[in-house]
Amino acid sequence: MEQVTNLPNKKLEETSLAEELRSPAKKLIRIEQRGRIYTLLSAWILIITLFSLLFFITSKGIMPFIHGEITLQNFFSTHWGPTSAEPGGPFFGSINFILGSLMVTLLSALISAPLGIGAAIFMTEISPKFGRKILQPAIEILVGIPSVVYGFIGLTLIVPFIRNTTGSIGFSLLAGVIVLSVMILPTIVSMSVDTIQSIPQSLREGSYALGATRWQTISRLLVRTSLPGLMTGVILGMARAFGEALAVQMVIGNSPNLPFQLMKPISTLTSVITLNMGNTVQGTPYNSVLWSMALILLLMTLFFILLIRLMTQRGKQG
Amino acid sequence: MLKKVIGIGSILALTIGSLIGCSGQGSTQGQLTGNLTSVGSTAMQPVVEELAKDFMSKNTGVQVTVQGGGSGQGLSAAMNDTADIGNSDVFAEEKDKIDPKKVTDHKVFVVGMGPVVNKEVGIDQLTQDQLIKIFTGKITNWKDIGGKDQKIVLVNRPESSGTRATFAKWALNGAKEFRGQGGIEEDSSGTVKKIVSETPGAIGYLAFSYFDDKVKPLKLDGVEPTNENVYTNKWKIWAYEHMYTNNNGKKKEIEEAFIKHILTPEVQTGVVSKLGYIPVTEMKVDRDAAGNIKNK
């Protein structure tokens, strides 16, 4: 580095001018190459890590089915009893957990999407100054709160609140949905704000020039043009909700029920994995079935990402 | 160029310096030196951490690292030699895919467990038959056994939990616990205690060390959950806490020193008792992996 910056001070002799001009170029090329190798290496390490992860989880996840320890029929049933001594057991039915994960995710997205998009419109269109000064930092703080804190708040505030108002035990699908919707709200808001802000000002001006009111402009123009971006935000939020383990596990009760009643305790894939991972021994079917659940989680995440890619591509075309 | 020379020089100096430092440490006569990793049961973790601290203060050359992870991880770590000591709430014989011949069992202390209820249910003792009926879902309201008119809420552990296995075996006579509708499952004792203390009608099970005035420990068939009753096996719901070491003899000296230190009467009646666990040295009976009881 030093040598390069010193170069212009070097006295150039006319005869070797061409050479001089070429030699620093060589050094620069070396630096250029170093940079290239460094970035290439980083990229490759990232790709290798990703693919080995994919390979590892997939191979671990399909192992129990290949070895015949667990049949697919057993896995996709609703009967969970991994240490059961009943005839036909042990039972590794994971449908309840898969549905549980999907249910908390969908319900929390249903709550957070309208709230988040509404807040984003307010921040960008209705009161940008207030939005920038108060809401923006508030959202940033929300993003930074660790999930265990959300779970703890859920355990001490939301669970007793549900218990006292409904007379149920409090640990329930509903508690999980409430905690998750708060958690994914900032993701949806910040994505939505970015999308709405990227709409050219001229579009808004055109709309006003045609005599449209502000609300007409927002609902018929802004929301429609930014729809792919808004949906991307919602799906990103859903991906986060789907993968969240700790906060959910603390409030949903972890009971292997089907998730069709708001007030009943349920389980999700993540909560079953975290609760059982440490206590089971590598290589046992009980442990392997947790890897299969991890594989399902991974596949769902890939599906969400695919959905986001599709959305953004459609956004670019439109 | 000069900078590089200085850089390499200083690295060399540092390496040589640290090498000398290391060898100096190693040659101390009669003093144990080295590292020990202890992995496994989260229930044992706080106790083992205290024990390690105590041990390290007396053997300054030894560094003991304690990690959680669960009994399953502890057992497989000891078997596969990925850790020096595997902590477990259960016997190696009780877990599948663990070869008990590859590891040596050291029973380092005893944990007593008992059913606890929310203070409002108006019950302070049960018969074992009633307890089984509650946990298998045959009794669902406290008023059926003389308590308040209040639905029973079960607070369970995950099926893989060692605490649950001990409770099912000794308190429920091996009966499979009722699962499903209305029950809650939590792995951590702290959370179980919090839920039982706050949820009306709740019943769960905890180690003695978690008993306090926030929850109501129950008498079972008239026997009180006390250390003295565990010594004589009058209170049946207890388990050994195990430290498993690999049989390959690696680091044997330090492992043995650490475990011997834990089994000294001072530590057993000191650190172990202070944290609410039961000294294994006080036990009047012996129990093997199959559950056979022998008087000592």
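1. In this predicted model, 33 residues of chain A are in contact with 32 residues of chain B. The two chains bury about 2500 Å² between them, and carbon and sulfur atoms account for 50% of that area. On the chain A side, A:Ile169, A:Asn279 and A:Val281 supply 23% of what chain A buries against chain B, more than any other three residues.

2. The polar side of the interface is as follows. Between chain A and chain B there are 11 residue pairs in polar contact, counting pairs with both residues at pLDDT 80 or more.

3. The elements of chain A that give two or more residues to the side touching chain B are β1 (80-81), α6 (147-166), α11 (246-251) and α12 (269-276). The most comes from α6(A), with 3 residues. By residue class, the chain A side divides into 13 nonpolar, 16 polar and 4 charged.

4. A separate point concerns B:Asn87, in strand β3 (residues 85-88) of chain B. Its relative accessible area is 0%, so B:Asn87 counts as buried. Leaving out residues up to four places away in sequence, B:Asn87 touches residues including B:Ser38, B:Val39, B:Gly40 and B:Ser41, as well as B:Gly70, B:Ser71, B:His242 and B:Met243.

5. One of these neighbours, B:Ser38, makes a side-chain to side-chain polar contact with B:Asn87 at 3.0 Å. B:Asp144 lies 57 residues from B:Asn87 in sequence, and their C-alpha atoms are 41 Å apart in space.

Key. Residues are numbered from 1 along each chain as its sequence is written. Chains are lettered from A and ligands numbered from 1 in the order in which they are written. This is a predicted model: local features need pLDDT of at least 70, side-chain atom pairs count only at pLDDT 80 or more; totals for chains, interfaces and linings use all residues. Side-chain values use heavy atoms; hydrogens and water are left out. Contact means heavy atoms within 4.5 Å. Buried area is the accessible area (1.4 Å probe) that two parts lose on being put together, summed over both. A polar contact is a pair of N or O atoms within 3.5 Å; within protein, one must be able to donate a hydrogen and the other to accept it, and residues adjacent in sequence count only if both atoms are side-chain atoms. Helices (H or I, at least four residues) and strands (E, at least two) are DSSP runs, numbered from the N terminus. Ala, Val, Leu, Ile, Met, Phe, Trp, Tyr, Cys and Pro count as nonpolar, Asp, Glu, Lys and Arg as charged, and the others, Gly among them, as polar. Buried means under 20% relative accessible area, exposed over 50%, partly exposed in between (1.4 Å probe, protein chains only).
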